[in-house]
Each structure stands twice: as structure tokens, then as C-alpha cells.
Amino acid sequence: EEDMYRDAEEIEREKILLCETSSSEYKLSVAPEMDIMEYCRKEWRGNTPVAKRMRKGYEAVAQKFASIRRVRGDNYCALRATLFQALSQATQLPSWLQSEDFTMLPENLLSKYDWIKQWQLKQKLGRKMGEISDEIKEYLMLLRKKWKDISDIKRSIEKQEACDKLFKNEEEEYSLYEALKFLMLNTAIKLYNDDKNGRRVPVFSWLLFARDTSSNPCQLMHNHLNHIGHSGGLEQVEMFLLAYTLQYTIQVYRLYKYSTDEFVTLYPNDPEEDWPVVTLITEDDRHYNIPVRMCQETML
């Protein structure tokens, strides 16, 4: 918007100064917690049908959770909210992170699927095959290390502090998302091959590959996974893929669906009983926030 009181140069100088002197608050990927109903009143003041529905939705969530943490709203939002929740309650390293050949995954996949050379990493294109493999391997090793370090912390306050610190470090944080995206591709390839070989696959896998834009893993990579974090976020069916990859149940309060069967949606619909559960909130299936501090009555 045009500023009638300051010239363009002054505005530009102020922007640069803000970038240089911004406090950690500006850098926070996950904001400090605030009362969930206070947040709702601030965001949804009007009397439109949408505002009323959102308030009802937040009231329902407030029966279970006392506070909310706002998640930075870029195209990594769903990955950020899910990973933050998973790490903040992690008590052990998941079995899929423990396998010996975990870090060999990029090398193994690239040896079988030449098209993975076109994987887009952190907005850099045209890497050589070895570079992509080495870089993703670094990200996978970082994911395993951070998950183990945070899992080993016993006190919940210290665990939370470690998560907050990690999600203020942009270089490490975005590296973890690249690792997750590559693991999603690996899961998609497995599901696709299982289906082709007549093995049983979850229903979402059919939906994933029924799209014109992702009829096989190569198209999924080109048209969807390569864009996550850059020009697009996760679509609904990719939330299933993320849950299946992490072997976590992602429970989402979808506020705009309040008073329908889809108000609380589980990804996947029929989770394994031993999968841990993370809970998110969304107002529109695009941006996700995190509910925290489960109410005592709910815990009992």
C-alpha cells in the first residue's frame, strides 16, 4: 500500500532495518501459546455465518485443549505443525528411523529410478545425481539425530525448549522438511509398487494415484512433492501420505466443518492402534495451528 507520509527510500530503509534487528519473535516458526478462546475472539469478531461457525468450532476444541500455538503460514505449514507436535511428545525413536539402511535411501532409490534426479531441493535445480543423494542423506541423518536427541529428554519443559530452539533454526528446520518430503516419495513408491503387484494398499493410495497430475510416483514428484514449500502446500490426500510415512495418526479439528461428520478428521481413517497421535487445528485445510495443554478432565 502507498504510504503518503514517507518516501519509497525511507520505507525501504525501514524494511531492511526490520530484517536486521528483528527479534526472535519474527523468526519463530511456532509462536508462543495463547489462550484458545482469546485467540478465537481476536480472529473472529464478526457476526457472519462463517465467524459464528468458527467460534463454535473453537469452543468445541477448548473443551479438550486450553491453548493454541500459531504456526508460520508458508507452504511448509502442514509439515511444520505435524513435525513439531510429533517431536514435542516423542519419547523414543520410531522403528523406521532405526533401520540400518535408512540413510542409504537416496542412493538406493536413485539407482532404481533415474527420474528422481529431477527432485527439487530447497529451490535449487539441476544438481548432479551424486549431489542430490549426498544432500538428502545429510537431511535424513539430521532428522534421525534431532528426533533421538529430543526423545532422550525426559522433562517435558526441557523437551519443549529443545523443540522451540530447533524451530527457530531456519537452516535445520527446512532441512528436516526436505527429509520428510523425500520419505513421502519413498512411501508413495512402495504403495504404488505394492498395488501393481497385487498387494493390499490403503484406500488413500488409490486416490493419490487416481489424480490426473499424479498417476504414478514420477508425476507425484514433479507436480506435487517438488512444489511443497515453494509454490504449494499439502493437499488432503497428501496429509494421508504424510501420516502413513511418519506412522503417526494426524487428528485434525477442521473448524469450517463444525457440526458435520468431518469436524474431527483422522489421517489415516483407520490408523494402526500403536501409532502415536498428533493433533492439529485448521480453519480452511490450508493453514494449520497447534492446540496445546490438554484439559485435565480430558486427560483423566
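K181 and E178 both lie in helix 10 (residues 170-196), 3 residues apart, about one turn of the helix. Helices here are DSSP runs of H or I with at least four residues, strands are E runs of at least two, and numbering starts at the N terminus. This is a predicted model, in which local features need pLDDT of at least 70, side-chain atom pairs count only at pLDDT 80 or more, and totals for chains, interfaces and linings use all residues. Residues are numbered from 1 along each chain as its sequence is written, and side-chain values use heavy atoms, with hydrogens and water left out.

**Overall picture**

- The chain's secondary structure comes to 14 helices and 6 strands.
- Of the 300 residues in the chain, 46% are buried. Buried means under 20% relative accessible area, exposed means over 50%, and partly exposed lies in between (1.4 Å probe, protein chains only).
- The chain has an accessible surface of about 16,600 Å², and carbon and sulfur atoms hold 49% of that surface. The areas come from the Shrake-Rupley method with a 1.4 Å probe; for residues, only the protein chains shown count as cover.
- Among contacts in the chain with a separation of 6 or more, 73% are between residues 24 or more positions apart. Contact means heavy atoms within 4.5 Å.

**Salt bridges**

- The count of salt bridges is 18. The rule asks for a side-chain nitrogen of Lys or Arg within 4 Å of a carboxyl oxygen of Asp or Glu.
- K181 and E178 form one of these, at 3.7 Å from N to O. Both residues are buried.
- R211 and E235 form a salt bridge at 2.9 Å, N to O. R211 sits in the loop between helix 11 and helix 12, and E235 in the loop between helix 12 and helix 13, so the pair ties together parts 24 residues apart in sequence. R211 is buried at 15% relative accessible area, whereas E235 is partly exposed at 40%.
- R293 pairs with E33, with the closest N and O atoms 2.6 Å apart. This pair links distant parts of the chain: R293 is in strand 6, E33 is in the loop between helix 2 (24-27) and strand 1, and they are 260 residues apart. R293 counts as exposed at 55% relative accessibility. E33 is partly exposed at 35%.
- A network of salt bridges links R254, K257, E262 and D285.

- The 6 strands form an open sheet in the order 1-2-6-5-3-4, with mixed pairing. Strand 1 (34-35) and strand 4 are the edge strands, and each pairs on one side only. Two strands pair if DSSP finds at least two bridges between them.
- Strand 3 (residues 249-254) is mostly covered, with 5 of its 6 residues buried.
- Strand 3 runs parallel to strand 5 (residues 277-282), and 6 bridges join them. Y253 has I281 in strand 5 as its bridge partner.
- Strand 3 runs antiparallel to strand 4 (residues 264-267), through 4 bridges. Here I250 stands opposite Y267.
- Strand 5 and strand 6 (residues 288-294) are antiparallel, joined by 2 bridges. I281 stands opposite N289 in strand 6.

**Aromatic rings**

- The model holds 18 aromatic pairs. Rings of Phe, Tyr and Trp (its six-membered ring) pair if their centres lie within 6.5 Å; planes under 30 degrees apart count as stacked, over 60 as edge-to-face and the rest as tilted.
- W96 and F102 have ring centres 6.3 Å apart and planes at 55°, so this pair is tilted. W96 is buried at 13% relative accessibility, and F102 is buried at 4%.
- Ring pairs join F204, F240, Y244, Y267 and W275 into a cluster.

**Surface patch and a buried glycine**

- V203, W206 and L207 make a nonpolar surface patch, with about 340 Å² of accessible area together. Patches take residues with over 30% relative accessible area and no salt bridge; like charges are joined within 9 Å, and nonpolar side chains (Val, Leu, Ile, Met, Phe, Trp, Tyr) within 5 Å.
- L207 belongs to helix 11 (residues 203-208).
- G232 lies in the loop between helix 12 (217-223) and helix 13 (236-246). At 18% relative accessibility, G232 counts as buried.
- The C-alpha atoms of G232 and D74 are 8.8 Å apart, although 158 residues separate the two along the chain.
- Neighbours within four places in sequence aside, G232 is in contact with N75 and H227.
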